[in-house]
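Good morning, and thank you for coming.

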Amino acid sequence: MSIRVTHTHGEDIAVTAAGGTEILRYVYRPDPDPFESRKPYAHPVRTLSGRTVTGYRPSDHRWHKGLQMTASHLSGQNFWGGNCYVHGQGYLPLPERVGSMRHDGFSDFTVEDDRLAFTENLTWIENGGEEWAREVRGLTVHSVDEEAGAWALDWSIRLTNTRSTPLAFGSPTTAGREMAGYTGLQWRGPRDFTGGTVFAPDTDADAGKLMGTQGPWLAFTTEHDDVDGHSTLVFAHAPENLDETSAIHESHWFVRSEPFPTVAFSWAFFEEFELPPGESFGYRYRLVVADGAWDSDRVGTHLEGLPW
């Protein structure tokens, strides 16, 4: 199935499927409020039938913006936005700790009939203006399948420490808050995903029991408001992410269905890890966006047909 790509230079990239639905808008011109951690994000993300599956600036957390790369606790700075968790004091508005990610340009931008792939260069900047890290980010839209009612987005990160001291990656859980280990690539769903069904392979655990677990993929399905229909999102790791010999740090799922819908590929859920000066780490992720209420068998079969 073909796609059409519209690049509004300096602002965003939109991908429209052959049926006329805009399925992805990647916004790299940062939103204006520094407290929300100015950085790129993907919103809206839609199914092929036009169901919106990302939320943007919800009233409970204005810094939740679709699908975005984050780092909630990084050497005392917050590259996710909003309040900072301080053990013994809870969440505090500490704007002096909120960093940002600067878009530095695209080193590759390839559009084919049924595929978009681009490489973005970014710089992670702490609140005082010091450049802490260099990121090479890859996004690929592919496997737009009208018959299956699904398409896929691959998102990769390669991050290099440009400081003279180590970068320490953590989360609210590593700072003392139990089972709140959010950080890394983070998805916020719209309101109608609240109370949706979350499942993973080889288990009947729900969202509450899947929090903090590990696995190759996790799926989230819901029935929409306003329209008669369901959507399913599948969050999948590239094989090397879960390989202890290649990944810099083991990943765990951060997932909630209530009181609001969110999923993160957390790279520092339970334990901090350090990135030495000049060193790099990388992860690759996949998001499958599908119409309908998929079950575990259908998710597994579809993923098998999408080689890395």
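This is a predicted model: local features need pLDDT of at least 70, side-chain atom pairs count only at pLDDT 80 or more; totals for chains, interfaces and linings use all residues.

Helices here are DSSP runs of H or I of at least four residues, and strands are runs of E of at least two, numbered from the N terminus. Residues are numbered from 1 along each chain as its sequence is written, and side-chain values use heavy atoms, with hydrogens and water left out.

Is P216 buried, exposed or partly exposed? With a relative accessibility of 45%, P216 counts as partly exposed. For these words, buried means under 20% relative accessible area, exposed means over 50%, and partly exposed lies in between, with a 1.4 Å probe and protein chains only. Leaving aside neighbours within four places in sequence, P216 is in contact with P201, F235, A236, H237, L242 and W253, where contact means heavy atoms within 4.5 Å. The C-alpha atoms of P216 and A238 are separated by 7.8 Å, although these residues are 22 residues apart along the chain.

Let me now turn to the sheet. In general, strands of a sheet pair through backbone hydrogen bonds, either parallel or antiparallel. Here, an open sheet of 8 strands has the order β9-β10-β11-β12-β21-β17-β16-β15, with antiparallel pairing. Two strands are taken to pair if DSSP finds at least two bridges between them. At the edges stand β9 (100-112) and β15 (197-199), each with a single partner strand, so one side of each is left without a neighbour in the sheet. On average, neighbouring strands of this sheet are turned by 15 degrees against each other, direction ignored. Such angles are taken between axes, which are lines fitted to C-alpha atoms, for helices over the stretch in contact; they run from 0 to 180 degrees between N-to-C directions.

As one example of pairing, strand β10 (residues 115-125) and strand β11 (residues 131-145) are antiparallel over 10 bridges. Within this pair, L116 stands opposite V141 in β11.

Helix α2 (residues 296-304) packs on the sheet, touching β12 (150-161), β15, β16 (217-223), β17 (230-237) and β21 (280-291), and its direction makes about 125 degrees with that of β16. Which residues of α2 are buried? They are V299, G300, H302 and L303. Seen down the axis of α2, these buried residues fall within an arc of 165 degrees, so they line one face of the helix. The arc is that of the directions from the helix axis to the C-beta atoms. On the other side of α2, D297, T301 and E304 are exposed.

My next subject is strand β19 (residues 262-266), which is mostly covered, with 5 of its 5 residues buried. T262, A264 and S266 point one way from β19, and V263 and F265 point the other way. Strand β14 (residues 184-188) pairs with β19 in the antiparallel sense over 4 bridges, and Q186 stands opposite A264. Strand β18 (residues 252-256) also runs antiparallel to β19, joined by 5 bridges, with H252 opposite S266. A hairpin joins β18 to β19 through 5 residues.

Finally, I come to the aromatic rings. Rings of Phe, Tyr and Trp (its six-membered ring) pair if their centres lie within 6.5 Å; planes under 30 degrees apart count as stacked, over 60 as edge-to-face and the rest as tilted. By this rule the count comes to 30 aromatic pairs. W267 and F281 form an edge-to-face pair, at 5.3 Å centre to centre and with 75 degrees between the planes. Since W267 lies in the loop between β19 and β20 (273-275) and F281 in strand β21, the pair ties together parts that are 14 residues apart in sequence. W267 is buried at 0% relative accessibility, and F281 is buried with a relative accessible area of 2%. The rings of W267 and Y283 have their centres 5.8 Å apart and their planes at 25 degrees, so this pair is stacked. Y283 counts as buried too, at 1% relative accessibility. W267, F281 and Y283 are among the members of one aromatic cluster, which also includes W253 and F265.
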